[in-house]
Amino acid sequence: MKIQVIAPHFNIAPKYFSAYFKRVYGIGYSEYINKYRASLIALRISSRQFTIKQVVEEFGFTDESHLSRFFKRYYMISPGAYQKQHIGVPS
């Protein structure tokens, strides 16, 4: 959810929300959301209930290479390699 959408729910300006979030949590709101998204993607991939293509569609990536670049930023490994490493590992 974008800052411009969430800030009004707290009745504060988006700029203030962003600064407050970073001050309180020590990480920017966007980075927090991206890390959370990456962890959800990792869960989907390791569960083996979803194909990489299904994950691409669910999370709104344009294609598998876009997902791969995003995922590698947080896990330093491709989604396919991550999935192979987690075969048989309970979620």
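These questions and answers walk through a predicted model.

Me: Which residues form the salt bridge, and how far apart are the closest N and O atoms?
Reply: The structure holds one salt bridge. Arg44 pairs with Glu58. Their closest N and O atoms are separated by 2.7 Å.

Me: Which helices hold Arg44 and Glu58?
Reply: The two residues are 14 residues apart in sequence, so the pair ties together separate parts. Arg44 sits in residues 29-47 and Glu58 in residues 52-58. Those are helix H3 for Arg44 and helix H4 for Glu58.

Me: Is Arg44 buried or partly exposed?
Reply: Buried requires under 20% relative accessible area. Arg44 has 22% relative accessibility, so Arg44 counts as partly exposed.

Me: Is Gln83 buried or exposed?
Reply: Gln83 belongs to helix H6, residues 79-85. The cut-off for buried is under 20%. Gln83 has 14% relative accessibility, so Gln83 is buried.

Me: Which backbone oxygen does the Gln83 side chain reach?
Reply: Beyond its neighbours within four places in sequence, Gln83 contacts Ile45, Arg48, Phe50 and Ile52. One backbone oxygen lies 3.2 Å from the Gln83 side chain. That oxygen belongs to Ile45.

Me: Which elements give two or more residues to the largest nonpolar core?
Reply: This core has 15 residues. Ile41, Ile45, Phe61, Leu67 and Phe71 have the most contacts inside it. The elements giving two or more residues are H3, H4 and helix H5 (64-75).

Me: How many residues are in the second core?
Reply: The second core is separate. Among its members are Ile3, Ile6, Ile27 and Tyr29. The residue count is seven.

Terms used
Residues are numbered from 1 along each chain as its sequence is written. This is a predicted model: local features need pLDDT of at least 70, side-chain atom pairs count only at pLDDT 80 or more; totals for chains, interfaces and linings use all residues. Side-chain values use heavy atoms; hydrogens and water are left out. Helices (H or I, at least four residues) and strands (E, at least two) are DSSP runs, numbered from the N terminus. Buried means under 20% relative accessible area, exposed over 50%, partly exposed in between (1.4 Å probe, protein chains only). A polar contact is a pair of N or O atoms within 3.5 Å; within protein, one must be able to donate a hydrogen and the other to accept it, and residues adjacent in sequence count only if both atoms are side-chain atoms. Contact means heavy atoms within 4.5 Å. A salt bridge is a side-chain nitrogen of Lys or Arg within 4 Å of a carboxyl oxygen of Asp or Glu. A nonpolar core is a set of buried Ala, Val, Leu, Ile, Met, Phe, Trp, Tyr and Cys residues joined through side-chain atoms within 4.5 Å.
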